[in-house]
Amino acid sequence: MKKSTPLVIRFLKNILVFGLLFLGLSLVMDWYRKPSAPAQLAQSVLYDLDNQPKVLAQLSHNQPMILYFWGSWCGYCDYTSPAIQSLHEDGLPVLGVALKSGSDEEVKTFLQQKGYSFASINDPDGSFSKTWNIQATPTIILLKDGQIAHHTTGLTSYWGLKARLALSQ
């Protein structure tokens, strides 16, 4: 007579299988949506919404920095942006890119209403994002010395980003 596997063991096995499938699918989607840094952009000067100059190579010289492509219209960004804000409050350099989110004033108002204080540039027509080959929001790029060290797209958590940051150091 064959002994049946307890329900809890089968449940845990199913969770493990589905978790691995989800991880695999996530990695494939990240690979497919891989951004590419434009030539010479690491040295070019970008100006945020407060007209402050930002040079990606300088921001990412001593530690990795986050280049965060988001949209005020993006539902997933509503969940990811608080994690980005927390990392910014932890002292990590963050530069947001507001993709097709309106005028500079509309983006500033949105950031203030949400309580986000990380620096952002506005990309009202998507041309800047297109030079990076951004295909989805949110897209999070970890830069080290002006080069892409890691990237991910879609929903992610504070701890997921912390793990990616540790890997990129």
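**Burial, cavities and backbone of a predicted model**

User: Is Phe128 buried or exposed?
Analyst: The relative accessible area of Phe128 is 15%. Buried means under 20%, exposed over 50% and partly exposed in between, with a 1.4 Å probe and protein chains only. Phe128 therefore counts as buried.

User: How many residues does the protein have, and what share of them counts as buried?
Analyst: This is a predicted model, in which local features need pLDDT of at least 70 and side-chain atom pairs count only at pLDDT 80 or more, while totals for chains, interfaces and linings use all residues. Residues are numbered from 1 along each chain as its sequence is written, and side-chain values use heavy atoms, with hydrogens and water left out. Of the 169 residues of the protein, the share counted as buried is 42%.

User: How many helices and strands make up the secondary structure?
Analyst: Helices (H or I, at least four residues) and strands (E, at least two) are DSSP runs, numbered from the N terminus. Along the sequence they follow the pattern α-β-β-α-β-α-β-α-β-α-β-β-α. The total is six helices and seven strands.

User: What share of the contacts with a separation of 6 or more joins residues 24 or more positions apart?
Analyst: A contact means heavy atoms within 4.5 Å. Among contacts with a separation of 6 or more, the share from residues 24 or more positions apart is 72%.

User: What distance separates the C-alpha atoms of Ile148 and Leu67?
Analyst: Ile148 belongs to strand β7 (residues 147-153) and is partly exposed, at 28% relative accessible area. Along the chain, Ile148 and Leu67 are 81 residues apart. Their C-alpha atoms are separated by 9.7 Å.

User: Which helix gives the largest share of the lining of the largest cavity?
Analyst: On a 1 Å grid over the protein atoms alone, a cavity is a set of points where a 1.4 Å probe fits but cannot get out, and a pocket is an open set with protein on both sides within 12 Å along at least five of seven lines; lining residues have an atom within 4 Å of a point. The structure holds one cavity of 30 Å³ or more, and the largest cavity has about 40 Å³ of space, where volume is the space filled by probe spheres set on grid points joined across faces, edges and corners. Its lining consists of Trp70, Gly71, Cys77, Asp78, Ser81, Phe110 and Tyr116. The largest share, three residues, comes from helix α3.

User: Which helix gives the largest share of the lining of the second largest pocket?
Analyst: The second largest pocket has a volume of about 160 Å³, and its lining includes Asp48, Lys108 and Tyr116. At least two lining residues each come from α4 (104-114) and β5 (119-123). The largest share, three residues, is supplied by α4.

User: What is the omega of the cis peptide bond between Thr137 and Pro138?
Analyst: Most peptide bonds are trans. Pro138 lies in the loop between α5 and β6 (139-144). The cis bond joining Thr137 and Pro138 has an omega of about -10°.

User: What is the phi of Asn51?
Analyst: Most residues other than glycine have a negative phi. Asn51 sits in the loop between β1 (45-47) and β2 (53-55) and counts as exposed, at 57% relative accessibility. Although Asn51 is not a glycine, its phi is positive, at about 65°.
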